[in-house]
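Here is a short briefing for someone opening this structure for the first time. Look over the sequence and the model, then read on.

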Amino acid sequence: MNWTAISMFMVFVCFTLLVTRWAALRTRSASDFYTAGGGLTGMQNGLAIAGDMISAASFLGISAMMFMNGYDGLLYALGVLAGWPIILFLIAERLRNLGKYTFADVVSYRLAQTPVRLTSAFGTLVVALMYLVAQMVGAGKLIELLFGISYLYAVMLVGVLMVAYVTFGGMLATTWVQIIKAVMLLSGTTFMAFMVLKHFGFSTEAMFASAVAVHAKGQAIMAPGGLLSNPVDAISLGLGMMFGTAGLPHILMRFFTVSDAKEARKSVFYATGFIGYFYLLLIVIGFGAIVMVGTEPSYRDAAGAIIGGGNMVAVHLAQAVGGNLFLGFISAVAFATILAVVAGLALSGASAVSHDLYACVMRKGQATEQQEMRVSRIATLVIGLLAVVLGLVFESQNIAFLSGLVLAVAASVNFPVLLLSMFWKGLTTRGAVCGSMAGLFSAVVLVVLGPAVWVNVLHNEQALFPYSNPALFSMSLAFLGAWVFSVTDSSARATEERGRYLAQFIRSMTGIGAAGASKH
Amino acid sequence: MTPERIASIANHPDFQHLVRRKRRLNGSLTLAMLVIYYGFVLLVAFSPSTLGQSLSGGVTTVGMLVGVLMVLLSFALTGIYVHRANNVLDPLNDKVKQECAQ
């Protein structure tokens, strides 16, 4: 048992539960629950968005990739970062002007409510659940290792806290947990990077030189290696990372928590700054670890492997630069990171159920706010249970492909239709539904037939689909499906839907008629 | 909104001006970002040795500098956009809202 880490984590939990209590007293209406009343500032939302992106997977995973392969780790970081300017230029403001609680509000703005919301809610739930399972399994293993508690307890603890934050505190608590964690993680990594640079006399050249000197791959770690050697795979992975972010429901939902398009714009500016800063720190941490962790025998087991696996290098580095107290802090932050991200995911899944499925599809907009909030709380509980059960079921499965798959699926099922609904007058209900489904099924099928599942999980000799990332193909199919089924749609409803585009366009451009912040 | 109101806003010269300005700003910045990022991806795919060259005789490579520049450029482009939107587009947007208010 790591008592320093456990006690620091307990402090974090107590503090966030107090925040949740504070938020619960302020969460009265559906708007409070889904979007914190729409009253967050650009800075707060920017930090929360950054918090969603700088997850435990990126902190531990990217630093581990740099530790093992050097430069290739940076390619992942750049792909995720490059998506943010695009999100800002293309969708952030329009999303805020058109939507209220979920991105399905935007897609269904001028289309038929029932089929479009059913499809969007399905897309949201698939993405949120896949992401949740990946996080849960990762969390369980990480916590088992860091805190010395069993996998079962770790997964249950994550589930219980996640449900508590969301059901009681809604978006307000979820956002503040995310902000607190983002500040902790950014401060912790800043300290680590500072200490690493200090070790090398504040010379990055000296740091890189030592890393090259001790790494088995030598100078090769300073240049791109085998990761993106195939151009088709490279473009496909790039597309998936860039537009996958713009299809993640828990990220899209964050744009409704600010008061207007101007704050939405500012939040992306801050978020891009924080995410970029974090990735720059990760370069120092990853390459610093090559020297400060890689050459230290006490971080390796008898066989010479890193204790706890490759993902633990950032944690070992924390011990190397700051001793056991700082190790405890970083372990607690890693746990907090997982909690904050799963809470956001659970909330986005629950709003798809309560707002899109229950209030808009089942009750045709006739449900009261109290009923809608009750359903979303029940939905959160069910999603929490499901996440814990799936986390236990998949404990010893190889699910490394899931986190890659999530972005490719989000880029294919949600993003194309969302983009077309805002930019293309011709999109009809039939096109939107068929486009989403084409994206979803092609992404899933291509991943299963590709090397990640067909070879690595199912142990076949040769993959039926040669590329490890499907985004290039599945996104094209989604756009193509949406286009073909829209232009061939000559029904009266389709004509009406095209006719409503101008009003939607005016609102998306100017914000005239956009949902404002709720008044208290 | 009534059909008459929609038509009156859509035909308003200030609205059309706003739409043109927004399209130009969003379009050019989106294009810039896509060219920068996919240019980098293609460089990684087709000519990794370019990125592996030494920057100034030491171990630090051109690729490392390009990576850091990519981060700074992404941030700079969002900064340019926010600056232009706050100072040029927002006043124009407010004018449209005011003139088209009923």
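**Briefing: a two-chain model**

Helix α10 of chain A is mostly covered, with 10 of its 14 residues buried. Buried means that 20 or more other C-beta atoms lie within 10 Å of the residue's own; exposed means 12 or fewer, partly exposed is in between, and C-beta atoms are placed from the backbone. Helices (H or I, at least four residues) and strands (E, at least two) are DSSP runs, numbered from the N terminus.

This is a predicted model: local features need pLDDT of at least 70, side-chain atom pairs count only at pLDDT 80 or more, and totals for chains, interfaces and linings use all residues. Residues are numbered from 1 along each chain as its sequence is written, while chains are lettered from A and ligands numbered from 1 in the order in which they are written.

**Confidence**

- The predictor gives the complex an ipTM of 0.95 and a pTM of 0.94.
- Chain B averages a pLDDT of 92, and 99% of its residues score at least 70. pLDDT is the predictor's confidence in each residue, from 0 to 100.

**Chain A overall**

- Chain A has 21 helices and 0 strands.
- Its radius of gyration is 23 Å, close to the 24 Å that the globule rule gives for 520 residues, so chain A is as compact as a globular protein of that length. The radius is taken over C-alpha atoms, and the rule is 2.2 Å times the number of residues to the power 0.38.
- The C-alpha trace of chain A spans about 70 × 55 × 40 Å along its principal axes.
- Of the 520 residues of chain A, 64% count as buried.

**Helix α10 of chain A**

- α10(A) covers residues 231-244. It reaches 19 Å from first C-alpha to last, close to the expected 20 Å. The expected span is 1.5 Å times one less than the number of residues.
- Its buried residues include Leu237(A), Leu239(A), Met241(A), Met242(A) and Phe243(A).

- The largest nonpolar core has 231 residues. Such a core is a set of buried Ala, Val, Leu, Ile, Met, Phe, Trp, Tyr and Cys residues joined through C-beta atoms within 7 Å.
- Val158(A), Leu317(A), Leu339(A) and Val409(A) touch the most other members.
- Helix α13 (residues 313-362) of chain A gives the largest share of this core, 31 residues.
- Ala314(A) sits in α13 of chain A. Ala314(A) is buried, with 27 other C-beta atoms within 10 Å.
- Leaving out residues up to four places away in sequence, Ala314(A) touches Phe59(A), Leu60(A), Ser63(A), Ile285(A) and Ala289(A). Touching, or contact, means C-beta atoms, placed from the backbone, within 7 Å.

**Where the chains meet**

- The contact takes 46 residues from chain A and 44 residues from chain B.
- On the side of chain A that touches chain B, α5, α9, α10, α12 and α21 of chain A each give two or more residues.
- α5(A) gives the most, 11 residues.
- This side of chain A divides into 32 nonpolar, 10 polar and 4 charged residues. Ala, Val, Leu, Ile, Met, Phe, Trp, Tyr, Cys and Pro count as nonpolar, Asp, Glu, Lys and Arg as charged, and the others, Gly among them, as polar.
- In chain B, helix α2 (residues 13-46) has 34 residues and reaches 48 Å.
- The buried residues of α2(B) pack against α5, α10 and α21 of chain A, together with α1, α3 and α4 of chain B.

Methods. Two residues are in contact if their C-beta atoms, placed from the backbone, lie within 7 Å.
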